[in-house]
Amino acid sequence: SSNNIIDAQGLPVYPGFIDSHAHFYNLGYSKNQVDLFNTKSLKDVVERVKKFDTEMNSDFIIGRGWDQNDWLNKAFPTNKLLNEYFPNKPVILRRIDGHAYLVNDAALQLANISRSSKVEGGEFIKSRGKLTGVLIDNAMRLIDKIIPEPTIEESVKALLEAQESCFENGLTTISDAGMSKNQIMLIDSLQKQGILDIRIYAMIDNNPESVDYFIDNGPLKTAKLNVRSVKVYADGALGSRGASLINSYSDRRNHYGLMRTSLDSIRSLAFKLSGTGFQMNTHAIGDNANRIVLNAYKDALYDYRDPRWRIEHAQVIHPDDYKLFNPKIIPSVQPTHATSDMYWAEDRLGAERVKGAYAYKDLLDKAGLVALGTDFPVEQVNPFLTFYAAVARQDVEQYPEGGFQMENALSREETLKGMTIWAAYSNFEEEEKGSIEPGKFADFVILSDDIMTIPSEEIPNVTAEHVFLGGVQKK
């Protein structure tokens, strides 16, 4: 019938984009937090926090997005200025990568953190024996415990705001890289009530209660929600020097980063999950973390034909270890990380090691496919920036000339597949989404311009003009 016919007026139509690795909840919550992205100094950070506090006046201040690599002084900050302006109110500021906090003394006291505090897989940064307020990776958990739980209303508001950003950008499915059981159940109930529409591939966060609940009850699958995977953090991030390296960091002597989850825990979880049909999706940034995870996967999956386990980020791989990737193991990578990190990645890794980093084409050759995502809110929600970074290996200022390590650029067709059909496959959903064909969900986008043919420097300006989910227009 005519009401099922849409006139795209000559504009290109593509399958709805799938973001293979993002943080949907965090995107929504970040709307009520201090935006510290693109700050140029610690002073700049503190100014934004003060302004936010004047407008919001809450009992607890949470912010996100600072990156000392963008500042003139590239050392980790200390909380001295924060303490001056906020002597009594806890202030918790997440680094851009989510792997470090800068907190004031009020927050440290509330969390009972002292200079003798220790935690496996985390670090309390000190200067002259005194806490600086910077906490890395697992040390952050002590602070997480004092953050007030959001109310149901706040969570619903966050989810709806995140959904709006996703539809606005042409995304129809989000793979959320780590959610608690309660968050997953809330999404399920909101989708069933018709309050939340977007499709979610939810990775279960790696805590025993959540994991055991889903293993005991089996995967949860509806048209809009798919729960059959577990998200594990092997190590930290490169920008905060928490990524676990085989040899020392080039810019911090005798420092190797850290494993957030021990070798034994990774191996035992791999063997536990391999017989269940649950997918293991492990965050691995440094070459040591990747080596550990790849070997654990190899051993645990020895007998399994099509497990589709994933390495999230697969950022720095030792040349000897590329051979450990194969069609059983899917690299899930975020192309804009390469163009954000290239300003300092070589400082961390040195000229030789950096060649094995952000090597998407090498990974594709070994695994046969790659799943592409953004890692928002670490990066922007925009999938056209993902497409551009994968193809041109440049940032929006078209830097560096000629592209960063161009031998690892993906073709436009490979990139499109990584955002559609390969992304669907990595979620076990290739029968229902990822391409426009009969029998699949009518999830599709109409674009302002054709990403496959326009000059590459024009790709970042493309927008999703119209977005359809299950045949219903969402934008």
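Okay, let's start with asparagine 79, which counts as buried because its relative accessibility is 3%; buried means under 20% relative accessible area, with a 1.4 Å probe and protein chains only. Before I go on: this is a predicted model, where local features need pLDDT of at least 70, side-chain atom pairs count only at pLDDT 80 or more, and totals for chains, interfaces and linings use all residues. Residues are numbered from 1 along each chain as its sequence is written, and side-chain values use heavy atoms, leaving out hydrogens and water.

So where does asparagine 79 sit? You'll find it in the loop between strand E4 (61-66) and helix H3 (80-85). Helices (H or I, at least four residues) and strands (E, at least two) are DSSP runs, numbered from the N terminus.

Which residues does asparagine 79 touch, leaving aside neighbours within four places in sequence? Contact here is heavy atoms within 4.5 Å, and the list includes Leu102, Val103, Thr132 and Gly133.

Now, strand E6, residues 100-103. Ala100 and Leu102 point one way, Tyr101 and Val103 the other, and all are buried. In general, side chains in a regular strand alternate between the two faces of the sheet.

Strand E5 (residues 91-95) pairs with E6 in the antiparallel sense over three bridges; pairing takes at least two bridges found by DSSP. Isoleucine 92 stands opposite valine 103 there. E6 also pairs with strand E8 (residues 130-137), again antiparallel over three bridges, and tyrosine 101 stands opposite leucine 135 in E8.

Definitions and conventions: Buried means under 20% relative accessible area, exposed over 50%, partly exposed in between (1.4 Å probe, protein chains only).
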